[in-house]
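Biologist: Hi! Can you walk me through this model before my class?

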Amino acid sequence: LLLSAMEAGAEKGAPAPKKVAKGGKKTSTKPMRTSKRSIKRRKFDDELVESSLQQTAEATGTRKRDDFDHLFKMTSGWLPTDDLALILAVQQTNDLESVYAGVSFSSSFSLSDIQERWYALLYDPYVSRLAVEAIRQLHPEQIAEIESKVLWSKEEEKLLAEVSCGNSDGTKPFEELLEKNRIAFFRTRTPKSLHDHWLKMKHYRLLKDQKVQPMLHGDTLMSFSDAEEQLEKAEKEQQQRKDQLHAAIVRDDALEQELNYIDRQQKRAIRRLEEDIPKWQTLVEGLSAQEFDSQTFAVLKGRIVRYLMRSQEITVGRSTDSFSVDVDLSLEGPASKISRKQAIIKMKPDGEFLFFNEGKRPVFIDGKPVISGSKAKIRQDRKS
């Protein structure tokens, strides 16, 4: 402590204490040398103990975190009810595969999951202690429900198989059986539960006095592969019948749709012809003077059709479903090269007729071409 005080005083610039001689006389001394560097010294025992305790606490905390992660991994997905069902089922059967096949857990655990959980309950003290504490917290009704569904051991089924299949006394024989073999049966077994399980064994012909009926002469035992092959064959035949029926239905539908389409086309053509009757005059013979009246301005003569021009402007071209013209050249024959609106014929007030080419191709009048967008005069008895 004195050394620490002296070092502190030296750092603050305090004067060093003077030495006193034996005779009581004070002697002057030079000031002591000081340094700002920290002095390394050995730790006392209490400081060593405190440091070791701190390191131990840090190591313990790390181990606890690792243990917690391990516990969380081992208990992930497993409920206390699952652990209790697993423990009881293994005690009854001593077979994890039977437990996997016969016990319904809260989740769909695989066989490897069940094995890992059982080994953890056996050999991991942290997991087993945590599981036991959780099972102790279960409600008695939950425990009773799990115990009522526990698997049947081979010894229990062997005792039940001794009961005759012709038993008609109800649960009385099972009361006596349970009374005589209380140790062999699970603690929650009742005469009614014994009777119910005995009925299942009787249904599957597992009782001692039941015998499997022998096979008739000439019958052969079907193997699993043969049965699977027959099932696949039956499914294939059924699928073929479905496909044939579907194909027949599809063909009928396609034929009906085709007939309906043709019928609509024919009706549309008839309707178009009926609409064109008032506009067209089909002349088999030449026009007479009586038919050429004052309302007719001109007559357009073709090889088959003759048209009476009774308006000052008419259109010439090829009629379609969506477009109609006054003079339909498709009635004269093939008209694939004729535009829908090929030309316009106008009559001037002086009685002169003009031909305007509106189509894409040229039109010849008296051997002279009239290109698209051009016009030409038409006189009487002119050919085009």
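This is a predicted model: local features need pLDDT of at least 70, side-chain atom pairs count only at pLDDT 80 or more; totals for chains, interfaces and linings use all residues.

Biologist: OK. How many helices and strands does the protein have?

Modeller: The protein has 11 helices and nine strands. Those are DSSP runs numbered from the N terminus (helices: H or I, at least four residues; strands: E, at least two).

Biologist: And how much of the protein is buried?

Modeller: Of its 384 residues, 23% are buried. Buried means under 20% relative accessible area, exposed means over 50%, and partly exposed is in between, with a 1.4 Å probe and protein chains only.

Biologist: How do helix 3 and helix 6 cross?

Modeller: The axes of helix 3 (residues 80–93) and helix 6 (residues 125–136) come within 9 Å, crossing at roughly 105 degrees. That makes the two helices, helix 3 and helix 6, roughly perpendicular. The angle classes are: under 35 degrees roughly parallel, over 145 roughly antiparallel, 65 to 115 roughly perpendicular, and the rest oblique.

Biologist: Which residues meet there?

Modeller: On the helix 3 side you'll find Pro80, Asp83, Leu84 and Ile87, and they meet Ala131, Ala134 and Ile135 of helix 6. A contact means heavy atoms within 4.5 Å.

Biologist: What does Asp83 pair with in a salt bridge?

Modeller: The side chain of Asp83 meets that of Arg117, at 2.7 Å from N to O. This pair links distant parts of the chain, since Arg117 sits in helix 5 and Asp83 in helix 3, 34 residues apart. The rule for a salt bridge is a side-chain nitrogen of Lys or Arg within 4 Å of a carboxyl oxygen of Asp or Glu.

Biologist: Are Arg117 and Asp83 buried or exposed?

Modeller: Both Arg117 and Asp83 are buried.

Biologist: How many salt bridges are there by this rule?

Modeller: The count comes to nine. One of them joins Lys377 to Glu352, with closest N and O atoms 3.3 Å apart. Lys377 is in strand 9 (residues 375–378), while Glu352 is in the loop between strand 5 (341–347) and strand 6 (353–357), 25 residues away. Lys348 joins in too: Lys348, Glu352 and Lys377 form a network of salt bridges.

Biologist: Why does Lys377 count as partly exposed?

Modeller: Because its relative accessible area is 45%.

Biologist: Back to helix 3. Where is Ala89, buried or exposed?

Modeller: Ala89, which lies in helix 3, counts as buried because its relative accessibility is 1%. Ala89 and Leu151 are 62 residues apart in sequence, yet their C-alpha atoms are 5.7 Å apart in space. Leaving out neighbours within four places in sequence, Ala89 is in contact with Asn94, Val99, Val103, Val150 and Leu151.

Biologist: And what about Gln92, which residues does Gln92 touch?

Modeller: Not counting residues up to four places away in sequence, Gln92 touches Val150, Leu151, Trp152, Ser153, Glu156, Phe186 and Arg189. Gln92 is in helix 3 as well, and it counts as buried because its relative accessibility is 15%.

How values were computed. Residues are numbered from 1 along each chain as its sequence is written. Side-chain values use heavy atoms; hydrogens and water are left out. Axes are lines fitted to C-alpha atoms, for helices over the stretch in contact, and angles run from 0 to 180 degrees between N-to-C directions.
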